[in-house]
Each structure stands twice: as structure tokens, then as C-alpha cells.
Amino acid sequence: MTVAIAVVADRIAWEERRLIEAAPAHGLRIEWVNDESLSLGDPSAPSLAGYDAVLLRSRSYTRGGLIATLAEAAGIRVLNSAHAIHTCENKAVLRAALRRAGVPVPDFRLALSRPDFERALAELELPLVLKPVFGGMGKRVTLLRDPDLAASVYDYVEDLGHAFEQACLVEPYIGGGTSVRCLVVGRELVAAAEFASGGTDWRNNAALGNSSRAVAHDPEVLKIVDGVVDELGPGIYGVDLFATPDGLVVNEVNHAPAFRAVASATGADVPSAVGRYLQELLV
């Protein structure tokens, strides 16, 4: 029996194409469903009728979380779960959840207003990083090196039209120019690669074209990955780690991770790992 899975995404990128190609070897049929073409709400979820499960890969956290919630309400199996997506989409919620679970995260302050922001500047030592609570791929993440620059940057934040766009985190800048992206499937660490910032861009992010290399799956990394999965539940995640003098900390968990750069750096067959995981769950 072939299991039918809808990969719900705004577009077919390299990752989705490889997942679709790898599916038949694991008794699966994966088809793209455009996340802009759904009309969810009715319990029967007619736009997802005929699928045994949904693999949620919407780049939009907002869209992904809403789709996952309504699909689950209609009785459809969703990966990753709505709980996991909603936790990942909000950096403040994610940090609070992981910290409560004993998983190391950066020190941070939530800034919802200028007084919040000014207090964070007083409590934390420059340089600092200002990042939106909602968002990814390094967008709108700003390095604040001095108080005058910080004040000017926050002027722009105040001009953003919606409160959710204004919600930001202020965190100490963790220098060094590298981060580690861990690709998790189920509970397994499938691949880990170190990304180094390229050129004059200080941000470490595969989406920005930074250089990368494979890294060992050492006990500290494995312990952190286990803690993340214990909190979010088994699934398909990109867990981004930063190195600090006190050890590694979780900077971000991506619910629909790009994995082309990690696969290229490590040689890991990520699509087959995902296929095996889906087969174990659904076949």
C-alpha cells in the first residue's frame, strides 16, 4: 500500500523536490499542495482529502502554524505538529520553553516598547543583537555596537505598522563567526554542519550563502538535541547552535528546515532519512 502525503509549502524548492523523488523507495507518494490554495475550516478539510498525512513546509511561520492547527482539528496527521510549529515560530516562547526544560539558550530581553528596549540596553553589555520575535533567515537581525546606533535602529522598529512586527528580542552578541546547524529527523541527529559568516556579513546562516563544513556529533550536541526533541516532540527540525564560553546554546529551531547546505557539507542523505521516518510512522 502506498501512503499519500501532502507536502504543504508555498513553493517547490530543492528540498521539496528531493523529498518527492525519494518517497517511492519508502512506499510513499508525496505531492505538493500550495499553501496558498487551501480553504481550511470545515472539519472534513476537503482540500486535503485523500491524503494520509501532511508534511508542513511552509516558509511562513504564521501560515504554517495556522494550517497545522486546522488540519489537526480535522483529524489529519501533521508533521511537524501544530504545537511544535507554534513554539518554533515565536523566539521568546521557544527560549522560555527550552530554558524551562533545561536546554541552554542565550540570555535575552523581550522588547515590546522603547522603555523595554532602553532597560535591555542598561542590563546587557554592548555589542547586542536586535532580532524580531517572529521571522527567520537572518532578516531584520541587527548588530548594535553603540548606544547611538541602537537608538536610531529602534526608531525604525517603532515605525513598523503592527505590534507583532515590533516585538523584538535583545541578546548579547555571541562573536566567533560560526554556528552549528543540526538536522534532526524523528529523534535522530542526521547531520551537523558548521556555518561561518562570509565576506562582511556577520550573520551565520545557510540562507545567506555562508561557508560550511561537517562537524562531529559530540555528546554536548546530542544532549541538546535530545532536550529539544523532548520539549517539541519527535519531528523534522533544524536546530541552530552558537558556541559561548559556557558551552553551546540553542539560537533557533526551524520547523521546516532547509537542508541543502547541510547535506552538501556532510554527505548525509537527508531525504532518505525523512522517507524512512515517515515510513515508520505511517506505513
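This is a predicted model: local features need pLDDT of at least 70, side-chain atom pairs count only at pLDDT 80 or more; totals for chains, interfaces and linings use all residues.
Residues are numbered from 1 along each chain as its sequence is written, and side-chain values use heavy atoms, with hydrogens and water left out.

**Overall form**

The secondary structure comes to ten helices and 13 strands, where helices (H or I, at least four residues) and strands (E, at least two) are DSSP runs numbered from the N terminus. Of the 283 residues, 49% count as buried, a term that stands for under 20% relative accessible area, as against over 50% for exposed and in between for partly exposed (1.4 Å probe, protein chains only). Along its principal axes, the C-alpha trace spans about 65 × 45 × 35 Å.

**The nonpolar cores**

A nonpolar core is a set of buried Ala, Val, Leu, Ile, Met, Phe, Trp, Tyr and Cys residues joined through side-chain atoms within 4.5 Å. The largest one has 27 residues, and those with the most contacts inside it are Ile5, Leu55, Val270 and Leu278. Among the elements that each supply at least two residues of this core are strand S1 (3-9), strand S2 (28-34) and helix H9 (260-266), but the largest share, six residues, comes from H10. Apart from this core lies another, of 25 residues, among them Val105, Cys182, Tyr237 and Val253.

Helix H1 (residues 14-22) has Glu15, Glu16, Leu19 and Ala22 as its buried residues. Seen down the axis of H1, these fall within an arc of 130° (that of the directions from the helix axis to the C-beta atoms), so they line one face of the helix. The buried residues of H1 pack against S1, S2, S3, H9 and H10.

**Lysine 131**

Lysine 131 is found in strand S6 (residues 128-132) and is buried, with a relative accessible area of 6%. Its side chain makes the polar contacts tabulated here, each a pair of N or O atoms within 3.5 Å, one able to donate a hydrogen and the other to accept it; residues adjacent in sequence count only if both atoms are side-chain atoms.

| Side chain of lysine 131 with side chain of | Polar contact |
|---|---|
| Glutamate 171 | 3.3 Å |
| Asparagine 251 | 2.9 Å |

Notes: Contact means heavy atoms within 4.5 Å.
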